[in-house]
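Please open the model in a viewer and keep the selection panel at hand. The stops below are meant to be taken in order.

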Amino acid sequence: MDRPLIIALDFQDRQEVETFLKKFEDEKLYVKVGMELFYQEGPSIISHIKQLGHKIFLDLKLHDIPNTVKQAMRGLAKLDVDLVNVHAAGGKKMMQAAIEGLEAGTPEGKKRPACIAVTQLTSTSQSMVDEELLIKGDINEVVLHYAQNAKESGLEGVVCSTHEVESLNQNLGTSFMTVTPGIRMKDDSSDDQTRIATPGQARRLGSTAIVVGRSITKAENPYKAYLNVKKAWEEIGE
Ligand SMILES: O=c1ccn([C@@H]2O[C@H](COP(=O)(O)O)[C@@H](O)[C@H]2O)c(=O)[nH]1
């Protein structure tokens, strides 16, 4: 099974992206374009990265009424990205509408982008769930419940933290993707992420893919940092 390391291209503009990608020479990457870059550069950044031969996760986390999400996904499907996402908190009708929109918008002869749902952001902690969001229950159960809804809605997987991966694999099967951000080289964090793990822990726990941003993009030598993360992610094997 293909287990990608997805680099989050959290940059302000195309120039910064080009400077970063030049450091990787001929390497074919799997990259993530999120709100920061897409809102500045628009769809042209997608075709530019595609032309360079990289795979793309377009991480816009759609969350709106079903019809709006359906029409937005119809447009995003035309961009020929590999992976898109929604917030599972939008509910099953919204997630089903996302799939309908993707199917309607995917050009003839092209593969529909896979669609995954954010369960609980990796910046969310148990105390936030309890005290701020007023969601009842253990965060692991909340993530599992949202993931079950995503699967029943026809999505191909979820975004979750590595801490929930074992339970999701047991309950929903390993072909249901678990894409895990919140990756740090050391298992401690003083930034905005709370549910974190190292690449090695993510592999052992069974993540389908890891998403890594600042540990690579803000490193003094991003290419070296990428190779280190890749080694840690791949060295345990299947
Ligand atoms: O729950 C989520 C969903 C998405 N993300 C995104 O992943 C990267 C992580 O970046 P780091 O710099 O490695 O923290 C970022 O683009 C987030 O928008 C997430 O972190 N958690």
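Helices (H or I, at least four residues) and strands (E, at least two) are DSSP runs, numbered from the N terminus. Residues are numbered from 1 along each chain as its sequence is written. The model is predicted: local features need pLDDT of at least 70, side-chain atom pairs count only at pLDDT 80 or more, and totals for chains, interfaces and linings use all residues.

Select residues 4–229, where UniProt (unreviewed entry) places the feature "domain: Orotidine 5'-phosphate decarboxylase". UniProt positions are given in the numbering used here, feature names are shortened, and annotations may be inferred rather than shown by experiment. Over residues 4–229 the chain is 43% helix and 17% strand, with the end C-alpha atoms 12 Å apart.

**The barrel.** Next, display the strands: 8 of them form a closed barrel in the order β1-β2-β3-β4-β5-β6-β7-β8, with parallel pairing. From one strand to the next the twist averages 25 degrees. Helix α4 (residues 66–77) packs on the sheet and touches β3 and β4 (83–87), its direction making about 165 degrees with that of β3. Such angles run from 0 to 180 degrees between N-to-C directions, and axes are lines fitted to C-alpha atoms, for helices over the stretch in contact.

**Strand β5.** Two strands pair if DSSP finds at least two bridges between them. β4 and β5 pair in the parallel sense over 5 bridges, and L83 stands opposite A114 in β5. On to β6: 3 bridges join β5 (residues 114–118) to β6 (residues 157–159), again running parallel, and V118 stands opposite V159 in β6.

Now select K61, which the UniProt annotation "active site" (unreviewed entry) covers. K61 lies in strand β3 (residues 55–62). K61 counts as partly exposed because it has 17 C-beta neighbours inside 10 Å. Leaving aside neighbours within four places in sequence, K61 is in contact (C-beta atoms, placed from the backbone, within 7 Å) with N85, V86, H87 and V118.

**The ligand shell.** Finally, select the 16 residues around the ligand, of which A8, L121, P181, G213 and R214 come nearest; a residue is near if its C-beta atom, placed from the backbone, lies within 6 Å. The elements giving two or more residues to this shell are β8 (209–212) and α10 (214–217).

Note on methods
A residue is buried if 20 or more other C-beta atoms lie within 10 Å of its own, exposed if 12 or fewer, and partly exposed in between; C-beta atoms are placed from the backbone. Two residues are in contact if their C-beta atoms, placed from the backbone, lie within 7 Å.
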